[in-house]
Amino acid sequence: MNWAPVEDQLSLLKRGISELIPEEELVEKLKKSAETDTPLKVKLGCDPTRPDLHLGHSVILRKLRQFQDLGHEAILIIGDFTALIGDPTGQNKTRPPLTEQEVKDNAKTYLEQVYQILDPSKTKLVYNSEWLGGLTFMDIIRESAKITVARMIERDDFSKRYQANEPISLHEFLYPLAQALDSVHLRSDVELGGTDQKFNLLMGRDMQRSEGQAPQVCLMMPLLVGTDGVQKMSKSYENTIGLNDSAEDMYGKVLSISDEQIIPWAELLSEYSDDELNALQERVSSDPRNAKHDLAWHITGLFHGEDGAKKGRDHFETTVIQKSVPDDAPVHQMEAGTEEGLISIITGLGFASSNGEARRLIQQGGVSLDDEKITDVQATVCIESGQEVVLKAGKRKFAILKA
């Protein structure tokens, strides 16, 4: 294979990263890879703890795609075994493990979303239950003996919980060990993760050394700040943009971020060149509104193509700027004179993924009927024959309620 010069590879791979441990080892690995014409094994683990992925997940997936495009082997681990333990990273309390059925159901949806970013023909897909599921209790004891409790307590979230006298379950100590054993099994050269995964990635280096393997390089990406501009993007904080969101929702939600997040988002989520990033930076200073539209167009286009980006922009102009109901708003048919719960209508239209989400949307003042805000979660709707009512949920979702 015609490998790109090591300097060029390193320049691309370092773009947007938070930390690289250690850089000199990655340089040597890249040199050896080119000399021996052997791709590096680059590992990324994804635990199917939820059924959908968001733009925060895409940050690390795009970095894996860069390795892939350079000719290296992208290994995607579906953590169907580790998800049963529950990753304690960033948690201030014990996270209950998922059931096997929940993990299987979630995993089904992952690949369709992941392959919006990764090249499926060049991705090695593995499930860590293949090697972790067969370990005996004696195997676990032997592997655990290689790690001290003091080493585990060095981990920031464990340390804080210990000092606050908050419970730490024994099984949580086993999660970093399991992730490290993934690296040993795969003999990974590089492992990718967010900054919150640093301890786990370094544990992989330790375990590989103990097995006589060359330790992996750890490459960490920043955590994407969510649409609220404060917390990391997470479903728990309700500040996400899903990879499967419609073009209209994706475009509108990108426009909702603060001006301060335009450049960080562009650095982590876009395919802008350095010159294009510099031009965007200048535009943020002089015309932040249109700079944000440029970013919304770019990000939406990555997932929905140019037609999707145009659809998203047109929908925003219709519903927000012109404040009119879009032509393609869904129609919800109701029986004349019969009451129907507003929460049921909202979830039935797909405007909320659950009754709880619909309830919160109403309580936060995000729902209106014919421009009249509704804040009563017990509200019902009753319309007469021939009558139509416009339902608005959030800033961009519209429907016609029709008897």
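Guide: A residue counts as buried when its relative accessible area is under 20%, as exposed when that area is over 50%, and as partly exposed in between, using a 1.4 Å probe and protein chains only. This is a predicted model, in which local features need pLDDT of at least 70 and side-chain atom pairs count only at pLDDT 80 or more, while totals for chains, interfaces and linings use all residues. Residues are numbered from 1 along each chain as its sequence is written, and side-chain values use heavy atoms, with hydrogens and water left out.

Visitor: What about its span along the principal axes?

Guide: The C-alpha trace of the protein chain spans about 75 × 50 × 40 Å along those axes.

Visitor: Switching topic: how many aromatic pairs turn up in the whole structure?

Guide: The search finds one aromatic pair. Rings of Phe, Tyr and Trp (its six-membered ring) pair if their centres lie within 6.5 Å, and planes under 30 degrees apart count as stacked, over 60 as edge-to-face and the rest as tilted. Here the rings of Phe-158 and Phe-173 have centres 5.1 Å apart and planes at 75°, so the pair is edge-to-face.

Visitor: Which helices do Phe-158 and Phe-173 lie in?

Guide: Phe-158 lies in helix H9 (residues 156-163) and Phe-173 in helix H10 (residues 170-186), so the pair ties together parts that are 15 residues apart in sequence.

Visitor: Is Phe-158 buried or exposed, and what about Phe-173?

Guide: Phe-158 counts as buried because its relative accessibility is 0%, and Phe-173 also counts as buried, at 16% relative accessibility.

Visitor: Now Gly-204, where does that one lie?

Guide: Gly-204 lies in helix H11 (residues 198-210), and it is buried, with a relative accessible area of 0%.

Visitor: Which residues does Gly-204 touch, leaving out those up to four places away in sequence?

Guide: Gly-204 touches Ala-180, Ser-183 and Gln-216, where contact means heavy atoms within 4.5 Å.

Visitor: And how far apart are Gly-204 and Arg-187?

Guide: Gly-204 and Arg-187 are 17 residues apart in sequence, and 10.0 Å apart in space from C-alpha to C-alpha.

How values were computed: Helix = DSSP H or I, 4+ residues; strand = E, 2+ residues; numbered from the N terminus.
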